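Here's a quick briefing to read alongside the model.

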Amino acid sequence: MAGLGGDQQSSQRRRRWPFEASGSRGVLRVRVAAGCALLLLLILASREYLWSASVVVAPDGAARPAASGGVGSAIPYGEVDDLTKGKSCVYRKSPLKSPLRIGNPWSCQECSAEGGGCRPIRRRRGRCAPFSKYLGSGYGEIPRSYAAFSPFTSSKSATMVYHHDGRKKYAREYPSCGASLSPPCFDLSRCEASFANGTPALRVYSYGGMIDGFLDFAAQQRPGLVERVDDPDDACLLVAGEGSFDGPGDMLGDRRWNGGRNHYIDSSDRLFGSHRDRPFNDKVSFGVAAVAASNMDDAWLREGYDVPLIYYPLWERPKGFGELDPHRPRRYLLSFKGNIYQWEQRSWQHRWLAAEYWHGEPDVHVDAKCRNRRFAVQDYENAQPEDYGNLLLNSTFFFCPGGGGINSFRFAEVLIAGAIPVVTSDFLTPFHPDVDWSGCVVRVSDARVVDAPRIVREIGAEEVRERQRTCARLVDSVFGKDLPNHLVRRHMFSVAMGIWSVRIRNALGRRDGLESLVASGY
């Protein structure tokens with residue numbers, strides 16, 4: 001070593017392993033090897049532990065929910081789902097207290113319909129890496145979203161404490177307003193004049209901004225049913241939306257606000273922010289006002305009071321679309337195409353399950369762009385822009401998981417393309433529960449995303465045609481018949497005004513005009 005130059009000595013030092021300086025090379029090498037072997041054994045043991053903790057195999061060979069800590073206590077979304085037939089996947093909670101996930105976080109199995117027992121599904125496509133980020137201890141321990149009404153509140157009504165994805169940092173409070181439209185949320189005496197003396201029109205006041213144009217369109221589209229008034233004191237319903245206020249302080253300080261009573265907030269997730277604020281606009285509380293939002297889920301929704309919306313379509317129908325036979329044979333039974341991010345929202349996991357486990361069937365097509373944080377992006381197999389539209393037009397069913405929220409643009413685009421949406425069970429259809437979508441969409445639970453190809457394959461040809469007809473009718477009434485995309489939002493606002501007219505008539509006990517309103521799709 002003495003004969004080596006300075007640069008050569010530095011090079012020699014750089015080639016040494018850290019433990020070589022101690023002089024105990026053999027002992028340390030053995031310790032390192034033993035440590036690696038122990039770590040490998042722990043990983044393998046944890047994988048087997050997680051599967052065995054998730055499913056209990058009964059003497060007859062059928063899978064049964066575990067008594068605790070497994071499928072039985074962690075059925076996604078709190079649903080009752082029969083996991084003894086077909087394919088299913090259940091999220092596994094790691095026994096290791098680590099912020100990172102090692103291996104596939106889902107335990108999947110396939111059960112024979114003939115009672116032949118269940119076997120693990122270990123083979124997946126392998127194109128998108130499993131999620132390495134730990135989703136938080138709440139996943140599987142408490143429902144996906146949670147709402148409770150607390151009597152311990154300073155407000156005049158009970159208050160809903162809301163959690164999202166098991167993360168308490170999203171806890172919010174909303175007064176428990178409902179379909180009865182009763183105080184302190186709603187003052188029906190303001191509406192009695194709207195329907196007195198045979199006058200059926202719902203009197204609505206606009207705070208300005210985009211609502212001005214929307215309300216004028218609604219009054220023109222529904223003459224005699226919706227009437228715009230210039231004096232807020234004459235209005236039954238006061239409506240605000242994008243551009244109505246300069247900021248939360250401007251809204252809350254307005255003399256007309258009155259805590260949000262008799263107010264309807266259109267696209268509340270966009271009012272003081274953007275649709276990317278999730279799971280709801282947390283920049284301001286809208287008090288007792290009814291809110292409409294595209295990222296609303298079933299725990300947040302005050303049924304019969306709030307209004308679920310959608311993300312409006314970006315994809316446009318091609319020329320000549322109206323000449324296509326809606327019941328034509330299509331190349332694919334079921335398709336999905338979209339990005340997969342390693343983010344905490346469960347909808348990305350739904351996409352991953354489809355991308356990894358829907359393979360090997362010629363009439364099922366999946367193309368995903370995997371955006372793994374630790375590895376290079378795995379691009380689409382077909383990155384041509386027109387491929388997505390071709391899939392929409394050539395698929396009978398199309399999977400519509402959420403993105404950053406439970407909704408995505410895909411739902412509306414699938415519908416206007418004439419395909420049947422397949423959604424997860426937490427998805428709120430537009431204007432639920434006032435508009436019934438059960439005859440159109442197909443729902444699968446969290447555990448059954450992996451089994452969606454079999455589920456839709458078992459739907460008979462006549463039911464498929466009936467669902468296509470129902471979807472087409474709902475598209476015409478809710479989105480507007482043959483409307484370009486930029487006018488869909490305006491039409492849906494008009495539908496919301498029709499729904500509010502029906503709600504208020506019901507609360508007042510007035511039945512005149514209800515049948516024609518409902519028959520026309522609002």
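Let's start with how the chain folds back on itself: among contacts between residues at least 6 apart in sequence, 67% join residues at least 24 apart, where contact means heavy atoms within 4.5 Å. Bear in mind that this is a predicted model, in which local features need pLDDT of at least 70, side-chain atom pairs count only at pLDDT 80 or more, and totals for chains, interfaces and linings use all residues. Residues are numbered from 1 along each chain as its sequence is written, and side-chain values use heavy atoms, with hydrogens and water left out.

**The chain overall**

- You'll find 13 helices and 19 strands in the chain; these are DSSP runs numbered from the N terminus, with helices being H or I of at least four residues and strands E of at least two.
- Of the 522 residues, 51% count as buried, meaning under 20% relative accessible area, with exposed being over 50% and partly exposed in between (1.4 Å probe, protein chains only).

**The five-strand sheet**

- Five strands make an open sheet in the order S16-S15-S17-S18-S19, with parallel pairing; two strands pair if DSSP finds at least two bridges between them.
- Strand S16 (364-371) and strand S19 (442-444) sit at the edges with a single partner strand each, so one side of each has no neighbour in the sheet.
- Neighbouring strands here are turned by 20° against each other on average, direction ignored.
- Axes are lines fitted to C-alpha atoms, for helices over the stretch in contact, and angles run from 0 to 180 degrees between N-to-C directions.
- Strand S18 (residues 420-424) pairs with S19 over three bridges, in the parallel sense, and Thr424 has Val444 as its bridge partner in S19.
- Helix H7 (residues 346-357) packs on this sheet, touching strand S15 (332-341), S16, strand S17 (395-399) and S18, and its direction makes about 130° with that of S15.
- Helix H11 (residues 461-480) lies across S17, S18 and S19, at about 90° to S18.

**The three-strand sheet**

- Here the order is S3-S4-S5, in an open sheet with antiparallel pairing.
- The edges are strand S3 (86-91) and strand S5 (118-120); each has a single partner strand, so one side of each is left without a neighbour in the sheet.
- From one strand to the next, the twist averages 25°.
- S3 and strand S4 (residues 106-111) run antiparallel and are joined by six bridges; look for Lys87 opposite Glu110 in S4.
- H7 turns up again here, lying across S3 and S4 at about 50° to S4.

**Strand S13 and its partners**

- S13 (residues 290-293) is covered on both faces: Ala290 and Ala292 on one side, and Val291 and Ala293 on the other, are all buried.
- Strand S12 (residues 263-265) pairs with S13 in the parallel sense over two bridges, with Ile265 partnered by Val291.
- S13 is also joined by two bridges to strand S14 (residues 307-308), again running parallel, and Ala292 stands opposite Val307 there.

**Helix H12**

- H12 is mostly covered, with 17 of its 21 residues buried.
- Just after H12, Gly509 takes a positive phi of about 80°.
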